[in-house]
Amino acid sequence: MKVLGTAVLFVLLVAPALAAQTAPVPAHAPAPVPVVWVVDKPHSMAMFKIRHLMSTVTGQFRDFEVAARLDRANPASSSVEFTIQAASMDTGEPARDEHLRSPDFFEVAKYPAITFKSTEVKTKSATTFEVTGDLTMHGVTKRITVPVTFNGFGRNPRGEERAGFEIETLLDRKDYGITWNRVLDEGGLLLGDEVKIDISLLVGKKP
């Protein structure tokens, strides 16, 4: 009986400790997947400006989508995909917009979308980043780096979390095969080649 009692005591007190020491160490849990954020369209804009004669024409794209994977703990692990429907351009002049949609410019029937997919995010400060990625427009893909300003996290009046970003950069339209122009009688060209891009984004967590 004494031997039996000792065996029982061993099973109850000692064996669990030994098992814990010899059990295989579980693999580390996978890192949490960054939450996907999508655009809050009523509070976001994708605008462009280009020289026309001695002035500047401003337009915007009305239809665009964003899928941003924001990693707050490690911003360099974040990524973003941006898709613009080229036909949604609006410069306030219907005839000009139709010309911009034509083969002279964006050729939207053949190339309906303008896309950007990030490949790298570099932190410059708490509020500034450099985002490198592939921009595809008019059937041409170029790797570019754009500066991004982070405006912070907050909540809207309904208590929904939001994050804000600003992007300003310059593109040469000829790099993407958009070369149409016209020589003026007085000399010079009708349009500039450099296009200023100004994007303001408010994003919220994907439902």
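Colleague: Which way do strand S2 and S11 pair, and over how many bridges?

Modeller: Antiparallel, over seven bridges. S2 covers residues 45–52. Keep in mind that this is a predicted model.

Colleague: Give me a landmark. What stands opposite Lys49 in S11?

Modeller: Another lysine, Lys196.

Colleague: What does Met47 touch, leaving out residues up to four places away in sequence?

Modeller: Two stretches of the chain. Thr58, Gly59 and Gln60 are among its contacts. Lys196, Ile197 and Asp198 are also touched by Met47. Lys196 is also the residue opposite Lys49.

Colleague: How far apart are the C-alpha atoms of Met47 and Ser200?

Modeller: 8.5 Å. Along the chain, Met47 and Ser200 are 153 residues apart.

Colleague: Why does Met47 count as partly exposed?

Modeller: Because its relative accessibility is 25%. Buried would need under 20%, and exposed over 50%.

Colleague: Back to S11. How does strand S1 pair with S11?

Modeller: In the antiparallel sense, over three bridges. S1 is residues 35–39, and S11 is residues 191–205.

Colleague: Which residue in S11 is the bridge partner of Val39?

Modeller: Val203. Val203 is also the bridge partner of Ala163.

Colleague: And how many bridges join strand S10 to S11?

Modeller: 11. S10 spans residues 161–172 and runs antiparallel to S11.

Colleague: New topic. What do S7 and S8 form, and how many residues sit between them?

Modeller: A hairpin, with four residues between the strands. Eight bridges join them, and they run antiparallel. S7 is residues 113–123, and S8 is residues 128–137.

Colleague: What stands opposite Ser118 in S8?

Modeller: Gly133.

Colleague: How many bridges join S8 to strand S9?

Modeller: 10, again antiparallel. S9 takes in residues 140–155.

Colleague: Which residue in S9 is the bridge partner of Val131?

Modeller: Val146.

Colleague: What about the turn between S8 and S9: how many residues are between the strands?

Modeller: Two. S8 and S9 form a hairpin there.

Conventions
Residues numbered from 1 in each chain as written. Predicted model: local features only at pLDDT ≥ 70, side-chain atom pairs only at ≥ 80, totals over all residues. Heavy atoms only, no water. Pairing = 2+ DSSP bridges. Buried < 20%, exposed > 50% of the residue type's maximum accessible area, 1.4 Å probe, protein only. Contact = heavy atoms within 4.5 Å.
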